[in-house]
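Subject: Structure for you, with notes

Hello,

Here is the structure I promised to pass on. Please open it first, then read the notes below.

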Amino acid sequence: MFVRNCWYVIAWEHELADGALLARRVLDEPIVVYRTSSGALSALEDRCCHRHAPLSAGRREGDDLRCMYHGLRFDASGHCVEIPGIAATGAKLPAKLRVRSYPVALHRKWVFVWMGDPAQADVNLLPDNYSCDHPDWRYLPGYLHYDTPYELICDNLLDFSHLSYVHEQTLGGSVEIAQSHPVIEALPRGVRVRRHVPNVPPPPYYAKVRDFGGARVNRWFIYDFVMPGILLMESGGRPVGDAPDDDRRAVRLHSCQALTPETATSTHYFFQQAHRADAGDAAITRGIHEQLLVAFEEDRRMITAQHRNLAADAAAHMQVLWMDAALVQFRRLKERMAREEARGGVGEVSG
Amino acid sequence: MFVRNCWYVIAWEHELADGALLARRVLDEPIVVYRTSSGALSALEDRCCHRHAPLSAGRREGDDLRCMYHGLRFDASGHCVEIPGIAATGAKLPAKLRVRSYPVALHRKWVFVWMGDPAQADVNLLPDNYSCDHPDWRYLPGYLHYDTPYELICDNLLDFSHLSYVHEQTLGGSVEIAQSHPVIEALPRGVRVRRHVPNVPPPPYYAKVRDFGGARVNRWFIYDFVMPGILLMESGGRPVGDAPDDDRRAVRLHSCQALTPETATSTHYFFQQAHRADAGDAAITRGIHEQLLVAFEEDRRMITAQHRNLAADAAAHMQVLWMDAALVQFRRLKERMAREEARGGVGEVSG
Amino acid sequence: MFVRNCWYVIAWEHELADGALLARRVLDEPIVVYRTSSGALSALEDRCCHRHAPLSAGRREGDDLRCMYHGLRFDASGHCVEIPGIAATGAKLPAKLRVRSYPVALHRKWVFVWMGDPAQADVNLLPDNYSCDHPDWRYLPGYLHYDTPYELICDNLLDFSHLSYVHEQTLGGSVEIAQSHPVIEALPRGVRVRRHVPNVPPPPYYAKVRDFGGARVNRWFIYDFVMPGILLMESGGRPVGDAPDDDRRAVRLHSCQALTPETATSTHYFFQQAHRADAGDAAITRGIHEQLLVAFEEDRRMITAQHRNLAADAAAHMQVLWMDAALVQFRRLKERMAREEARGGVGEVSG
């Protein structure tokens with residue numbers, strides 16, 4: 001059950017360059033996204049209302065889309081503006097003939113679609129993914145496709161104890177991460193997690209981009225995880241003994257990650273991990289990105305294996321443990337919002 | 001729901017050369033077809049009545065088939081004529097032991113099976129696919145496999161407005177095809193469609209086989225589309241101004257195409273497009289065939305994409321438009337015949 | 001419906017060498033098997049009780065398994081002995097937290113798991129696969145994976161009439177095998193089959209490993225086929241006229257084969273065919289093994305084709321014939337034992 005009154009990331013902005021018709025399925029609905037000549041965005045149902053051919057297999061004609069099966073033409077708001085040959089039949093173009101149009105927003109390089117009631121689409125609900133587009137931060141954009149439900153990847157991001165194990169050789173590097181206790185705080189549409197891990201070796205990941213000269217570090221992970229599945233995180237490490245405002249030897253990162261269900265069992269994953277522009281060159285940017293890809297494959301392998309077990313026996317019991325606090329809280333929030341939407345509520349959470 | 005009291009094309013005649021045992025599934029039933037030494041045809045259930053091994057994985061012994069799992073032998077009418085070792089048990093060969101035999105007919109290079117009540121198999125219902133075997137016509141035989149329901153391909157063939165779009169660069173070449181209005185006439189077991197498209201550029205397809213020297217042409221498409229899914233079409237183009245009986249610069253084609261459901265979601269497609277024997281050599285024959293293959297891939301790509309959308313949401317509404325007249329008529333006829341068969345009727349249509 | 005109170009072969013012993021964590025699904029349950037440092041065996045549910053990640057994707061720590069998703073550690077009996085970070089929460093390790101442990105036995109190179117009630121696990125029910133580990137016998141171990149239900153492979157092994165047809169060019173070589181009549185005897189947990197085939201040419205299989213100089217042979221196949229699907233067979237051939245105790249020109253083989261359902265529609269197949277150690281060198285051992293692989297591919301091809309027909313129409317009638325006596329008897333025994341288990345009985349057969 002999905003929360004619909006949400007902004008879901010459907011693309012990186014650069015995927016819409018050169019007039020592209022980008023086809024992507026979200027919450028099991030086929031959508032085509034493109035930029036009009038004015039630079040505005042259009043997100044339409046990727047299914048002609050006539051015989052259900054995908055409009056993304058069609059042709060742009062100015063800002064319109066021509067279905068290339070039988071020639072219906074739709075404007076950027078989804079209205080059918082031409083049916084070949086209809087004039088000779090004496091009939092008029094049916095006024096209401098259209099494909100669904102989705103509210104769409106571009107916000108700091110991410111393209112979002114609103115999957116619920118268009119009247120409730122609210123740009124104030126767009127997440128603060130500032131490092132995606134900020135002169136102080138540098139990154140390379142990432143995308144992965146998962147053949148697992150998006151909930152399992154949310155779980156993964158809500159419990160960083162896995163860094164000690166899944167990412168032992170990359171992002172983790174010490175069991176103290178799993179042993180440390182995060183502070184968890186409810187947000188209106190998500191969860192805030194703060195985790196400090198003092199006096200540990202720098203993770204192999206850091207070591208690839210910076211030489212700590214044998215020093216141990218204090219690490220931190222502070223993030224919001226908000227509907228529908230968006231992580232906004234400050235993290236870093238600073239040599240033990242360095243003052244909190246001394247960034248000379250610190251690693252400071254900001255990461256934005258968005259999970260968008262493609263179907264009930266597959267997921268789009270958009271992500272980046274940015275470093276301070278004044279702390280690293282293009283090689284550092286690339287190094288961080290490449291390390292992240294290695295680590296995210298570690299996640300994908302584990303979550304896919306987990307999903308195989310779950311798919312074979314969905315009824316088997318899962319033992320809830322202390323480290324599940326944040327993920328249980330987020331799952332409950334999501335279920336509550338989805339239920340309220342189903343009851344016709346506005347999708348807002350009262351308490 | 002399929003109409004069963006029909007002749008379905010199961011093979012091109014040449015596929016049965018050299019004593020081949022051809023295995024092909026029709027209406028989700030496994031069938032093996034072969035020629036006996038007298039030249040007659042046998043179409044049997046491709047499933048031994050003992051442990052259900054396919055007889056097509058067996059061996060011809062004269063005109064009989066030996067199941068190569070446990071050795072049962074069947075004659076060309078499907079009767080079991082040998083069970084290894086049964087004599088020593090004191091038992092006799094059970095008189096009624098057999099696999100199903102299908103009425104089968106060879107008609108102008110196409111091999112047909114009758115999937116309904118054998119008592120109703122009527123060679124008068126074989127379609128008039130004359131150009132498949134006629135000295136005045138030349139072609140190369142074609143076969144495609146579709147991973148879509150056969151109904152979607154019937155729809156495609158019953159609305160040629162798609163030529164302007166799907167086949168813009170091949171069979172189409174002008175939007176006037178989609179804008180022209182066909183005359184549609186009911187047939188006892190199908191639909192007749194006549195479409196004239198005057199004064200258009202020759203399609204790219206023609207241009208590959210003939211030089212029109214810049215002339216525009218009048219085009220025509222006259223076809224019967226009959227149960228279960230067989231297209232018999234005269235089509236062509238003649239330079240504007242040439243007399244109707246002046247064939248010196250005309251392109252005249254005859255096409256036979258047959259759709260046979262393999263399963264509810266996959267289809268066998270047998271086809272040819274023939275030209276007049278006195279208007280073209282082997283290079284022309286090959287050129288027409290190759291162009292047709294290019295165009296049929298255009299169809300397959302579009303219909304497969306359409307099917308993906310339909311499969312994901314079978315309940316979504318399809319807007320019926322003017323150009324759907326013939327396909328709606330054919331779908332209704334098919335449903336009516338299938339319902340009457342299900343009620344035990346003879347599968348004939350009263351009105 | 002599977003009989004659970006049985007020993008199922010899950011691995012060849014050599015698959016557990018070098019501390020391997022072997023993951024294999026049995027009766028659709030994920031299992032991980034490994035040897036502890038003392039040489040004992042452990043077979044655990046391959047699914048962490050926390051978030052269901054497979055323990056086989058984890059790490060051995062001594063004789064324990066560490067789940068490498070969130071770090072839970074289990075001992076070789078399946079008890080959870082560590083939860084990272086739990087101490088700081090003030091909570092204790094839940095005493096009953098564990099994954100399921102399966103009774104496991106190593107018996108003559110085969111590793112067995114007991115899938116039913118652990119209290120009923122009885123090593124006296126292990127099959128007598130003596131040639132798998134005996135100085136008088138030599139073989140190479142085999143494993144095949146089938147994408148078919150295990151019942152179809154049981155059927156195959158319970159009716160050797162198929163040797164004349166499926167294995168005409170390998171194990172068979174004469175129709176007399178199919179025409180010969182085996183003597184079938186009920187066992188408490190299986191069926192005994194004795195088949196003698198006098199005065200036939202040596203099978204192509206034998207001819208590859210021994211020169212019979214044109215002599216015809218008397219062949220025999222004497223086997224027990226016992227729960228859950230284990231074949232224990234003496235077979236051989238001796239030149240016609242040679243005395244029954246004259247082994248100079250005889251081929252004498254002993255074969256052990258075990259079928260283990262992976263899921264309802266896929267199967268693990270463990271097998272070997274051994275020859276007398278005093279009748280052949282390593283080249284003979286290899287030759288027999290390679291011939292067996294060729295023959296077992298013949299079976300797999302046929303059974304997979306049979307399964308395709310059955311999967312498409314599970315309700316279609318199978319005609320029972322005289323040669324099905326043993327397989328019908330075994331299927332009935334299996335159904336009866338499974339029903340009795342389901343009723344809470346001990347899985348023993350009364351009559």
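First, a definition for the helix angles: axes are lines fitted to C-alpha atoms, for helices over the stretch in contact, and angles run from 0 to 180 degrees between N-to-C directions. Bear in mind that this is a predicted model.

**A helix pair in chain C**

Start with α1(C), residues 150–158, and α4(C), residues 282–312. These two helices pack at an angle of about 125°. Their axes lie 10 Å apart. Angles from 65 to 115 degrees count as roughly perpendicular and those over 145 as roughly antiparallel; α1(C) and α4(C) are therefore oblique to each other. Their crossing is right-handed.

Which residues meet there? From α1(C) come Leu152(C), Ile153(C) and Asn156(C). From α4(C) come Asp299(C), Ile303(C), Gln306(C) and His307(C). Sorted by class, this contact has three nonpolar, three polar and one charged residues.

**How chains B and C are related**

**Where chain C touches chain B**

Chain C puts 23 residues into this contact, and chain B puts in 22. On the chain C side, α2 (176–179) and α4 are the elements that give two or more residues. The largest share comes from α4(C), with six residues. By class, the chain C side divides into 13 nonpolar, eight polar and two charged residues.

**Where chain B touches chain A**

Here the contact takes 22 residues from chain B and 22 residues from chain A. On the chain B side, α2 (176–179) and α4 (282–312) each supply at least two residues. Which element gives the most? It is α4(B), with six residues. The chain B side divides into 13 nonpolar, eight polar and one charged residues.

**If you only have a minute**

In chain C, α4(C) packs against α1(C). On the side of chain C that touches chain B, α4(C) gives the largest share. On the side of chain B that touches chain A, α4(B) gives the most.

Best wishes

How values were computed:
Residues numbered from 1 in each chain as written. Chains lettered and ligands numbered in written order. Predicted model: local features only at pLDDT ≥ 70, side-chain atom pairs only at ≥ 80, totals over all residues. Contact = placed C-beta atoms within 7 Å. Helix = DSSP H or I, 4+ residues; strand = E, 2+ residues; numbered from the N terminus. Nonpolar A, V, L, I, M, F, W, Y, C, P; charged D, E, K, R; others polar. Parallel < 35°, antiparallel > 145°, perpendicular 65-115°, else oblique. Left-handed = near helix turned anticlockwise from the far one by under 90°.
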